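This report is written for a reader meeting the structure for the first time.

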Amino acid sequence: MEKKKKQTLIGLFNKYDTTNRGSISEEQLFNLLNKHGYEFSKSTVENIIGYHTTSDTINLKTFLEINDTLVNCHYLFMSADSKNRHKEYVTHNELFKAFKAGNFDFSKKNFKVIFDLVDDNNDNKCQFEEFVYLYLLISGVKLIFTIEDQDESGTLNIDEFLNFMPKLGIRIRKNEARQIFNQMDSNNDGQFSLTEVITLIMKLQNMDY
Ligand SMILES: [Ca+2]
Ligand SMILES: [Ca+2]
Ligand SMILES: [Ca+2]
């Protein structure tokens with residue numbers, strides 16, 4: 001990050017750190033982001049914090065990481081937005097193409113499941129805030145996926161999958177997990193790809209697991 005940009009961010013953080021404790025609250029971060037170009041709901045801000053720290057306050061290091069994430073989201077969002085609508089929205093097709101370009105080989109049908117879940121306000125467009133939700137979800141899953149892929153094959157076999165599910169906070173019986181594994185292994189190779197796993201998680205969220 002440029003030195004000048006970093007100085008500006010530090011200045012901003014200090015301004016909101018009214019108690020000078022070296023950390024800001026969720027409320028303060030919410031105010032800060034919404035004063036500086038974002039229109040995030042409280043639950044989105046909560047999601048963003050939860051992705052970066054287990055603490056309920058945000059120190060400077062976390063704040064800078066949050067900024068990096070948002071810059072990255074913004075960049076990806078703008079790249080997907082082929083019609084340059086800026087932060088307004090991207091369409092289903094634009095997002096589908098962007099995922100393809102990023103080597104996510106979702107089928108059209110599975111991608112629709114994901115898109116519908118992300119499209120919180122049901123307008124059939126993906127707004128920036130909805131995009132941030134999707135980004136955090138996929139990044140979080142990818143992180144755990146990489147850790148649980150113990151043989152580094154780039155996929156999860158059934159044993160790796162059984163370890164993986166509880167790490168996401170999804171508690172299901174072993175035989176149930178086996179059943180899901182067999183059903184969802186769409187190309188029947190006995191391995192779960194990241195794309196298959198993300199589709200599964202989206203489907204489970206839809207069912208309120
Ligand atoms: Ca929407
Ligand atoms: Ca593996
Ligand atoms: Ca497979």
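## Secondary structure

The protein contains 10 helices and four strands. Helices here are DSSP runs of H or I with at least four residues, strands are runs of E with at least two, and both are numbered from the N terminus. Read from the N terminus on, the order of elements is α-β-α-α-β-α-β-α-α-β-α-α-α-α.

## Basis of the model

The model is predicted: local features need pLDDT of at least 70, side-chain atom pairs count only at pLDDT 80 or more, and totals for chains, interfaces and linings use all residues. Residues are numbered from 1 along each chain as its sequence is written, while chains are lettered from A and ligands numbered from 1 in the order in which they are written.

## Domains and overall dimensions

Two domains divide the protein: domain 1 covers 1–75 and domain 2 covers 138–206. These bounds come from an automatic or database domain assignment. A distance of 32 Å separates the C-alpha centres of domain 1 and domain 2. The C-alpha trace of the protein spans about 55 × 40 × 30 Å along its principal axes.

## Burial and contacts

Of the protein's 209 residues, 22% count as buried. A residue is buried if 20 or more other C-beta atoms lie within 10 Å of its own, exposed if 12 or fewer do, and partly exposed in between, with C-beta atoms placed from the backbone.

Two residues are in contact if their C-beta atoms, placed from the backbone, lie within 7 Å. Among contacts between residues at least 6 apart in sequence, 49% join residues at least 24 apart.

## Met78 in helix α4

Met78 belongs to helix α4, which comprises residues 60–80. Because 15 other C-beta atoms lie within 10 Å, Met78 is classed as partly exposed. Met78 and Met202 are 124 residues apart along the chain, and their C-alpha atoms are separated by 24 Å.

## Two loop residues with positive phi

Asn122 lies in the loop between α6 (108–118) and β4 (125–127). Its phi is near 50°, a positive value in a residue other than glycine. Asn122 counts as exposed because it has 7 C-beta neighbours inside 10 Å.

Glu152 is found in the loop between α7 (128–148) and α8 (158–167). Although Glu152 is not a glycine, its phi is positive, at about 50°. Glu152 has 7 C-beta neighbours inside 10 Å and therefore counts as exposed.
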